[in-house]
Amino acid sequence: MEAASGLRADPEPAPLERRTCEITRNIPSGGYRIFSALDPSGPEPAAGQFYMLATAERWGAEDARPYLARAFAVADAEPERGGVRLDFLVHEVGPGTERLAKLESGEELLLTGPLGGSFSPPSQLSPGAPGAILVGGGIGVATLALWRRRLADAGIPNRVLLGYRDREHSGGMELFQCSEVRVASEDGHSGHRGYVTDLLGVLLEGDDAANAAVYACGPPGMLEAVRAMCEGHGVACELAMEAPMGCGYGACFACAVPLAAGGYMRLCVDGPVVRGDEIETALVPGSNGQ
Ligand SMILES: Cc1cc2nc3c(=O)[nH]c(=O)nc-3n(C[C@H](O)[C@H](O)[C@H](O)COP(=O)(O)OP(=O)(O)OC[C@H]3O[C@@H](n4cnc5c(N)ncnc54)[C@H](O)[C@@H]3O)c2cc1C
Ligand code: FES
């Protein structure tokens, strides 16, 4: 049973109320920033889950956006004295992420979560899978960092492929505390010049990938390419998807995603991790690809 090895398929339910956490650090990471908060009372999150974040001050005051909390994947989590340390990777794209990126140590972060479901262990996703291939793009690398750590703790072999557009749209590599990381960048500033899916293609052509389990998070175009490549190779995959979110807990339907079998899922409660064969496409309406 994978749960015994530290991989939780059924995350503990989150407290419903919003909690106040203290910011403990905020450091640059390439073109992104990593900020950490000490959660005094929440459960330890599972990889793939997310939080709804807002700041206690200068958030939605007097006609100033943002009004709603913003969805954030958790990039790392570790029990510490006084609670659980949560690390978030942020890329500034609008008023919410700009405010969160400027948080200083000692400031208060308002947080709900952990929300949504988690990644499935490789043996559940693809019986007999020898290990995992993790494919991250841009800010989507965040959620894979925690998954890699959980896989490594459970002794499950994993390979990490990270892709970035350019220097400004890159970061978070230090969250992957391992040497087996291969990088691709579209402008060639780091690693292979091209797409991360070029690297995935090479692995999927290899013999040992026959029963692999692939896990991906990134812009919709990249996720759709990963989904289609895995389908073509008969390889099981899970995608941590993003859609514009309002509430984060199933009430507003802002995050509806079409299903392959017809109908829709609410990504916040039925995802954000979905099996590649469950969805019609990873190109979610309303997303800008970041
Ligand atoms: C499950 C989940 C996990 C996420 N994890 C992270 C994370 O770890 N780090 C991080 O920096 N961001 C993450 N995001 C994205 C972040 O929540 C949004 O980009 C957020 O709306 C930005 O708020 P803003 O006020 O800065 O910009 P906004 O004004 O809300 O948006 C700026 C631009 O981004 C577009 N946009 C908004 N939301 C999304 C979205 N979900 N996907 C694609 N485009 C969007 C808007 O259409 C607009 O063009 C995550 C989103 C989801 C759903
Ligand atoms: S964000 Fe409100 S239902 Fe998903």
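Let's start with Arg85: its relative accessible area is 14%, so it counts as buried (buried means under 20% relative accessible area, exposed over 50% and partly exposed in between, using a 1.4 Å probe and protein chains only). Its partner is Asp87, and the two side chains meet in a salt bridge, N to O at 3.0 Å. Asp87 is buried as well, at 1% relative accessibility.

Before going on, a word about the model: it is predicted, so local features need pLDDT of at least 70 and side-chain atom pairs count only at pLDDT 80 or more, while totals for chains, interfaces and linings use all residues. Residues are numbered from 1 along each chain as its sequence is written, chains are lettered from A and ligands numbered from 1 in the order in which they are written, and side-chain values use heavy atoms, leaving out hydrogens and water.

**Salt bridges**

A salt bridge here is a side-chain nitrogen of Lys or Arg within 4 Å of a carboxyl oxygen of Asp or Glu. By that rule there are 14 of them.

| Pair | N to O distance |
|---|---|
| Arg85 and Asp87 | 3.0 Å |
| Arg149 and Glu78 | 3.5 Å |
| Lys102 and Glu92 | 3.6 Å |

Arg149 sits in helix H3 and Glu78 in strand E5 (residues 76-80), so this pair links distant parts of the chain, 71 residues apart. (Helices, H or I with at least four residues, and strands, E with at least two, are DSSP runs numbered from the N terminus.) Arg149 is buried at 15% relative accessible area, whereas Glu78 is partly exposed at 30%. Glu92 is partly exposed too, with 38%.

Some of these residues join up: Arg25, Asp76, Glu78, Glu80, Arg85, Asp87 and Arg149 are linked in a network of salt bridges.

**Helix H3**

What about the helix that holds Arg149? H3 covers residues 141-153, and its 13 residues should span 18 Å at 1.5 Å a residue; the end C-alpha atoms are 19 Å apart, which agrees. (The expected span is 1.5 Å times one less than the number of residues.) Since 11 of the 13 residues are buried, H3 is largely enclosed by the rest of the structure. Among the buried ones are Leu144, Trp147 and Arg150. After H3 comes Gly155, with a positive phi near 75°.

**Strands**

Strands E9 (residues 158-164) and E10 (residues 181-185) run parallel, joined by five bridges; two strands pair if DSSP finds at least two bridges between them. Leu161 has Arg182 of E10 as its bridge partner. E10 also runs parallel to E11 (residues 192-193), with two bridges, and Ser185 stands opposite Arg193 in E11.
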